[in-house]
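Thanks, everyone. I'll walk through one structure this morning, from the overall numbers down to single residue pairs. Here it is.

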Amino acid sequence: MVQPYLCPDPRFFGTDCDKNCSDACVNSRCELQETTLVCTDGCIDGKKGIYCQEDCLSTCSKCERYGIVCLQCREALSYGKKCDKRCPPNCKGGCAKETGICTTCASGFKGAKCETPCRPGCEVCPRYTDGCFTCLSDRYYGKDCRFPCPQNCLQCKKDTGDCSECVHGYSGKQCTEHVQKLDPNTILITCSVLGVVLFGGVLLFLHRLCTNRHQRRPETNPPTGSQNTSTMDVRARHGTLNHESRDYDVPHKYWEIHDTDLDTVTQSTASVQTGDMDGASNTMRYHPKPDIPKETM
């Protein structure tokens with residue numbers, strides 16, 4: 001009989017090397033030993049037997065090839081020869097397959113299988129010794145976290161017991177000093193009211209500003225009546241009426257005004273009222289300053 005190992009490819013067997021080895025064999029290699037077909041490199045995970053045709057227990061992901069012992073449990077929280085036992089409830093990260101000893105413990109527990117709770121007030125404690133690493137919710141302090149934080153203290157330091165946060169209205173290392181603090185809701189309401197008042201004040205100021213500007217807007221129509229006539233009379237009186245420039249000279253001395261100016265002003269006023277500005281200009285004339293006799297001592 002021709003042996004399989006004589007086949008050029010060990011994944012085949014038979015007289016003509018035309019038969020495939022089982023896929024349950026590692027690397028799909030097998031050989032015929034006398035009359036028995038054997039996987040030469042072992043079985044893949046979950047299989048067992050000479051030719052790897054048998055399944056491991058459902059709790060095993062890997063088992064002995066010729067026995068019933070599980071080499072690896074299918075679930076991390078199982079242990080035992082057949083992986084038919086559950087790890088202790090307070091284990092974190094599974095447990096050892098043979099002994100069931102926890103990898104680590106959940107917060108608040110200690111011991112090999114995490115069956116012993118930490119002392120009250122302690123959240124994380126040494127697994128096999130006394131003491132405490134972290135106090136429960138920072139509400140206790142001391143080596144073993146056996147002392148509660150002071151009254152009105154929300155959190156305190158583990159070593160000293162000094163408060164790191166006090167309830168509203170208290171301060172100090174032990175939260176014994178009463179202080180008056182504004183409530184956050186009160187601050188919010190106050191700021192909202194001030195904002196509304198300030199905004200309303202700005203709107204009122206802008207409204208009054210626009211109203212005053214509208215009331216003070218100058219009239220576009222020219223002055224009429226006696227005001228216009230009076231202005232032209234003054235200019236005509238001093239002989240400086242000019243239709244183009246409207247410039248005039250105002251006399252500064254009493255002697256610059258003569259008796260004849262009365263007639264001139266009268267004629268000018270009449271001409272202005274009748275619209276004869278040229279006539280008013282012609283009747284105006286300038287009188288030079290008279291000589292004033294010096295007083296004798």
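Start with the surface. The protein chain exposes about 21,300 Å², and carbon and sulfur atoms supply 53% of that area. Accessible areas here come from the Shrake-Rupley method with a 1.4 Å probe, and for residues only the protein chains shown count as cover.

A word on the source. This is a predicted model, with local features needing pLDDT of at least 70 and side-chain atom pairs counted only at pLDDT 80 or more, while totals for chains, interfaces and linings use all residues. Residues are numbered from 1 along each chain as its sequence is written, and side-chain values use heavy atoms, with hydrogens and water left out.

Now the overall picture. The protein chain has four helices and 22 strands. Those are DSSP runs, numbered from the N terminus: helices are H or I with at least four residues, strands are E with at least two. How much of the chain is buried? Of the 297 residues, 28% count as buried. Buried means under 20% relative accessible area, exposed means over 50%, and partly exposed is in between, with a 1.4 Å probe and protein chains only.

Next, contacts, meaning heavy atoms within 4.5 Å. Take those between residues at least 6 apart in sequence: 16% of them join residues at least 24 apart.

On to the cores. A nonpolar core is a set of buried Ala, Val, Leu, Ile, Met, Phe, Trp, Tyr and Cys residues joined through side-chain atoms within 4.5 Å. The largest has ten residues. Its members are Phe 13, Cys 21, Ala 24, Cys 25, Cys 30, Leu 37, Cys 39, Cys 43, Tyr 51 and Cys 52. There is a second, separate core of seven residues, including Tyr 79, Cys 87, Cys 95 and Cys 114.

Cysteine leads us to the disulfides. The structure holds 15 of them, each a pair of cysteine sulfur atoms within 2.5 Å.

First on my list, Cys 56 and Cys 63. A disulfide joins them, S to S 1.8 Å. Which hand does it have? The torsion about the S-S bond of Cys 56 and Cys 63 is about -70°, so this disulfide is left-handed. Both Cys 56 and Cys 63 are buried.

Then Cys 60 and Cys 70. Their disulfide has an S to S distance of 1.2 Å. Cys 60 sits in strand β7, residues 60–63, and Cys 70 in strand β8, residues 70–73, so the pair ties together parts ten residues apart in sequence. Both Cys 60 and Cys 70 are buried.

Now Cys 73 and Cys 83. Their sulfur atoms are 2.0 Å apart in a disulfide. The S-S torsion of Cys 73 and Cys 83 is about -85°, so this disulfide is left-handed. Where do the two ends lie? Cys 73 is in strand β8, and Cys 83 is in the loop between β9 (78–79) and β10 (85–86), so the pair ties together parts that are ten residues apart in sequence. Cys 73 is buried, at 12% relative accessible area. Cys 83 is buried too, at 3%.

Cys 191 is partly exposed, at 49%. Cys 210 counts as exposed, at 53%.

Phe 205 lies in helix α1, residues 184–215. Is Phe 205 buried or exposed? Phe 205 is exposed, with a relative accessible area of 56%.

Last topic: salt bridges. The rule is a side-chain nitrogen of Lys or Arg within 4 Å of a carboxyl oxygen of Asp or Glu. The count comes to four.

One of them joins the side chains of Lys 47 and Asp 55, 2.6 Å from N to O. Lys 47 is partly exposed, at 27% relative accessibility.

Another pairs Glu 75 with Arg 86, the closest N and O atoms being 2.7 Å apart. Glu 75 lies in the loop between β8 and β9 and Arg 86 in strand β10, so the pair ties together parts eleven residues apart in sequence. Glu 75 is partly exposed, at 45%.
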